[in-house]
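Let's take a friendly walk through a protein model, looking at its charged pairs and then at the space inside it.

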Amino acid sequence: MSQPATLLQRDDTALMVIDVQGRLARQVVDAEAVTARIVMLIHAARTLNLPVLWVEQYPEGLGPTVKPVADALAGHTPFAKTTFNACENADIASALSQTGRSHLIVCGIETHVCVYHTVAGLIDSGFSVSVMTDGCSSRRAADRSAGLARMQTLGAALRSTEMTVFELIGDAADPAFNVLLPLLKE
């Protein structure tokens with residue numbers, strides 16, 4: 001599905017956080033900055049009442065989601081998976097359907113593996129997708145770049161976190177603007 005020419009709409013958008021886990025999350029390029037951007041996206045999604053899907057790749061082996069991200073997701077329950085494409089997990093596919101949203105904002109690790117496979121699965125399932133370029137990473141910069149390029153070729157929109165949050169707020173008079181502005185300035 002091609003990306004809409006219009007700006008993102010809150011009532012048609014959800015957030016998916018993919019595999020920000022264990023030692024791997026600390027080994028990716030720009031790990032601290034990526035984690036901070038993901039936390040900001042989660043806070044924005046909560047403030048804007050967007051559904052949030054939290055997935056973990058084989059948590060028994062990779063470990064739990066890193067604390068800053070898990071803390072931001074308090075009240076949510078992660079979906080455990082073993083497939084690289086989260087859409088191949090029946091529980092995740094069902095949760096996606098239940099959101100009633102057609103656009104997914106995607107962030108997480110690793111860009112060239114689980115993020116890429118999941119974005120391909122989302123697009124194949126008819127969703128439009130925005131990949132957060134500053135909210136995704138891999139252990140090697142070349143793999144991150146290859147993953148982003150491939151997802152864009154498939155039809156995903158590449159966006160930054162700040163660009164996306166301002167797009168979803170839409171108006172400085174919106175109360176969400178004053179709530180989220182301090183996070184955007186960090």
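The paragraphs below start with salt bridges and end with a cavity.

Keep in mind as you look that this is a predicted model.

Begin with Arg-10 and Asp-174, whose side chains form a salt bridge with an N to O distance of 2.2 Å. Where do the two partners sit in the chain? Arg-10 belongs to the segment before strand S1 (13-18), while Asp-174 is in the loop between helix H8 (161-169) and helix H9 (175-185), so this pair ties together parts that are 164 residues apart in sequence. Are the two residues buried or exposed? Arg-10 has a relative accessibility of 26% and therefore counts as partly exposed. Asp-174, at 17% relative accessibility, counts as buried, because the cut-off for buried is under 20%.

Now move to Asp-71 and Lys-67, where another salt bridge joins the side chains at 2.9 Å, N to O. Both residues lie in helix H4 (residues 67-72), and because they are four residues apart there, about one helical turn separates them. Lys-67 counts as exposed, with 58% relative accessibility, whereas Asp-71 is partly exposed at 43%.

A further stop is the salt bridge between the side chains of Asp-143 and Arg-140, at 3.1 Å from N to O. Arg-140 has a relative accessible area of 45%, which makes this residue partly exposed.

How many cavities of 30 Å³ or more does a search of the whole structure find? The search finds one, and the volume of the largest cavity is about 50 Å³. To find this cavity in your viewer, select the residues that line it: Leu-15, Leu-41, Ala-44, Ala-45, Leu-48, Leu-50, Ile-105, Val-165 and Leu-168. Two elements, helix H2 (31-47) and H8, each give two or more residues to this lining. The largest share, three residues, comes from H2.

What classes of residue make up the lining of the largest cavity? Nine are nonpolar, and there are no polar and no charged residues among them.

Methods: Residues numbered from 1 in each chain as written. Predicted model: local features only at pLDDT ≥ 70, side-chain atom pairs only at ≥ 80, totals over all residues. Heavy atoms only, no water. Salt bridge = Lys/Arg side-chain N within 4 Å of Asp/Glu carboxyl O. Buried < 20%, exposed > 50% of the residue type's maximum accessible area, 1.4 Å probe, protein only. 1 Å grid on protein atoms, 1.4 Å probe; cavity = no way out; pocket = protein on both sides within 12 Å on 5 of 7 lines; lining within 4 Å. Points joined across faces, edges and corners; volume = space filled by probe spheres on them. Nonpolar A, V, L, I, M, F, W, Y, C, P; charged D, E, K, R; others polar.
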